[in-house]
Amino acid sequence: MTKSKILVVDDEHLIRWSLEQNLKKQGYEVSTAGSGEDALRLLQEDPPDLMLLDIQLPGMNGMEVLEKVKDLEDEVIVIMVTALGVLETAVKAMRLGAYDYINKPFNLDELAIVIKKALETRELKREVAHLRAVQPKRFSIDSIIGASSDLQHVLSMVRKIAQSDAGTVLIQGESGTGKELIAKALHYESGRADKPFMAINCAAVPETLLESELMGHEKGAFTDAKSQKKGLFEMANGGTVFLDEIGDMPMPIQAKLLRVLEDRTFRRVGGTRDIHVDIRIVSATNRDLLQAIEETIFRNDLYYRLQVIPIFLPPLRERRGDILVLAQSFIENFNKEFGKNVRGISQAAEKILTEYDWPGNIRELRNVIERAVILEDDEMMEAEHLPRELVSRAVPAGGSPLVFALPPEGIDIEDVERELIRQALESSDGNQSKAAKKLNLGIDAFRYRMKKFKFL
Ligand SMILES: Nc1ncnc2c1ncn2[C@@H]1O[C@H](COP(=O)(O)OP(=O)(O)OP(=O)(O)O)[C@@H](O)[C@H]1O
Ligand SMILES: [Mg+2]
C-alpha cells in the first residue's frame with residue numbers, strides 16, 4: 001500500500017518537528033510548512049492526502065488558507081488546529097469544508113485517531129464514488145449479451161419494466177441462466193438506479209435470521225438483539241430488493257412477505273409500529289414454483305403476488321444462437337484479464353460448443369471459456385482446450401452421440417481402428433457388408449482392414 005501523505009502547517013518550529021517525527025513513526029509520509037503561503041505552494045507541487053492546518057499563522061491565516069485549499073484541491077482533507085478553543089472559529093472552519101478540528105495543546109494519540117478516521121472515511125467515499133460511476137455501466141442492459149430472439153425478447157421486457165417502475169417482478173430460469181444479471185439491469189436501468197440495490201439469498205440465510213435480515217429488529221427483540229437494526233427493506237428504500245432463491249423461503253416468512261408485497265408495509269421483529277417503504281421487489285428462483293405449491297412448501301397466494309410480471313430465462317440449450325456470441329464476448333474479457341490474444345474459435349471447437357447441452361448454462365460456458373483462454377497459446381481457440389466432458393456429451397447434427405474423446409496421454413490410431421472394426425462386426429453379427437457400411441467403407445477397403453488387424 002502507498003503511504004498517505006500529510007502536510008503539517010504550523011509557524012512554531014518545535015510543533016512542526018514533533019508532529020513530523022510522530023507521524024512518520026506511524027507510517028505516513030510527512031512534509032511541513034511554516035506559513036500559509038508555503039503550504040499553498042507545496043499543495044500545488046505535490047498534493048497531500050491530509051493537511052493539519054494551524055489557524056493562527058503569520059501572514060495569511062489558517063481560514064484563508066483553508067478557503068484556498070478547497071478551491072485548489074477539494075479532495076484534500078483538512079483538519080484545523082486551534083489554540084483558541086473558540087467554538088465559532090471551529091464552526092466556521094467546518095462550514096468552509098474542514099473535515100474536523102482539534103484544540104491545542106493536543107494529545108498525540110487523540111490526533112492519531114482523528115487522522116486515521118479521516119483517511120478511512122475518504123477512502124470509503126472514493127470507493128463509493130467509484131462504484132457509483134462504474135456499477136450502472138457494468139450492469140446496464142448493454143452488458144447482457146445474446147443474439148437469440150428469446151433473449152432479445154427478455155431484454156425488451158427488461159427495458160419496458162425498468163422504465164415503468166412496476167413494483168414486483170419474478171425471474172425464473174435454471175441455474176446460471178443470468179437471473180441475477182437481469183435483476184441488476186432492472187435496477188440500474190430504472191429511475192431507482194441511484195438508490196440502493198440490496199440482494200439476499202433466501203436459501204443461504206438460516207430461517208431464524210432471515211426475518212430480521214429482511215425486516216430488521218427492535219432492541220431486545222431476541223437474545224442477540226443488543227440494539228435496534230434496520231432490515232433490507234428499509235435500507236433499500238427508494239431502490240430495489242432482490243430476493244434470490246425465493247423458492248427456498250421458509251413458510252412463516254412467506255406470510256410476512258405477502259404483506260410487504262401488498263402494501264409495502266411491515267414491522268421490525270419485536271416492533272409495534274408499521275413501517276412503509278418504497279421498494280421494487282425482484283425475486284428469482286430456479287425451482288418450479290408450481291410444483292413447490294403442490295408440495296405445500298410454497299404459498300399459492302404469494303406466487304401470484306410475486307409474478308405480477310414474470311420473466312422466464314430459457315436454458316442455454318434452448319437458445320443456441322447465444323452460445324458463440326457469448327463465447328466471443330467472454331474471450332475478449334478473459335484476453336484482457338489474462339493478457340492473452342485469442343482472436344477466434346476454431347471450427348472444431350465451435351461445433352463442440354454449439355452442440356453441447358450446457359446443464360450449467362451461461363455460468364458453465366463462462367468457466368469453460370476462461371479455462372480455454374488460459375490454456376490457449378494460439379490465436380484460435382482449439383477443441384483440445386475444451387474439457388473432455390463437452391466432447392463426449394456433444395450430440396452431432398446427425399443425432400447419435402459422438403463417443404470419442406482423445407485421452408490427454410494420447411492413443412495409437414491403429415488401436416482405434418481395430419476396435420471400430422471389431423465393434424462393427426460384432427454389431428452386424430459378422431455380416432461384413434453390413435459392418436463395412438456402418439463405417440462408411442467399401443467392402444474391399446473393409447476386408448483389407450480385417451486382414452490387417454487379423455480378423456480374417
Ligand atoms: N446474457 C449474458 N451475457 C453476459 N453474461 C451473462 C449472461 N447471462 C449470464 N451471464 C453471466 O453468467 C454468470 C451466471 O449468471 P447469474 O449469476 O446471473 O445466473 P443465475 O441465473 O443467477 O444463476 P443461479 O441460479 O445459479 O444463481 C454470471 O457470471 C453472469 O455475468
Ligand atoms: Mg443467481
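Residues are numbered from 1 along each chain as its sequence is written, and chains are lettered from A and ligands numbered from 1 in the order in which they are written. In this predicted model, local features need pLDDT of at least 70, side-chain atom pairs count only at pLDDT 80 or more, and totals for chains, interfaces and linings use all residues, while side-chain values use heavy atoms, with hydrogens and water left out.

Rings of Phe, Tyr and Trp (its six-membered ring) are taken as a pair if their centres lie within 6.5 Å, and a pair is stacked with planes under 30 degrees apart, edge-to-face over 60 and tilted for the rest. Seven aromatic pairs are counted by this rule. The ring centres of Phe139 and Tyr188 are 5.7 Å apart and the planes make 25°, so this pair is stacked. Phe139 lies in the loop between helix H5 (108-138) and helix H6 (149-164), and Tyr188 in helix H7 (residues 179-188), so the pair ties together parts that are 49 residues apart in sequence; helices (H or I, at least four residues) and strands (E, at least two) are DSSP runs numbered from the N terminus. Phe139 has 8% relative accessibility and counts as buried (under 20% relative accessible area, with a 1.4 Å probe and protein chains only). Tyr188 is buried as well, at 17%. Phe139 and Tyr188 belong to one aromatic cluster with Phe197 and Phe242. Elsewhere, Tyr356 and Trp358 form an edge-to-face pair, at 4.6 Å between centres and 85° between planes, and both residues are buried.

Next comes the sheet. Five strands form an open sheet in the order S7-S10-S13-S6-S14, with parallel pairing (two strands pair if DSSP finds at least two bridges between them). Strand S7 (197-201) and strand S14 (309-313) are at the edges with a single partner strand each, so one side of each has no neighbour in the sheet. From one strand to the next, the twist averages 15°. Strand S6 (residues 168-173) runs parallel to S14 and is joined to S14 by five bridges; Leu170 stands opposite Pro310 in S14.

Two helices complete the picture. H6 lies across S6, strand S13 (280-285) and S14, at about 150° to S14; axes are lines fitted to C-alpha atoms, for helices over the stretch in contact, and angles run from 0 to 180 degrees between N-to-C directions. H7 packs on the sheet and touches S6, S7, strand S10 (240-244), S13 and S14, where contact means heavy atoms within 4.5 Å. The direction of H7 makes about 155° with that of S6.

Methods:
Buried means under 20% relative accessible area, exposed over 50%, partly exposed in between (1.4 Å probe, protein chains only).
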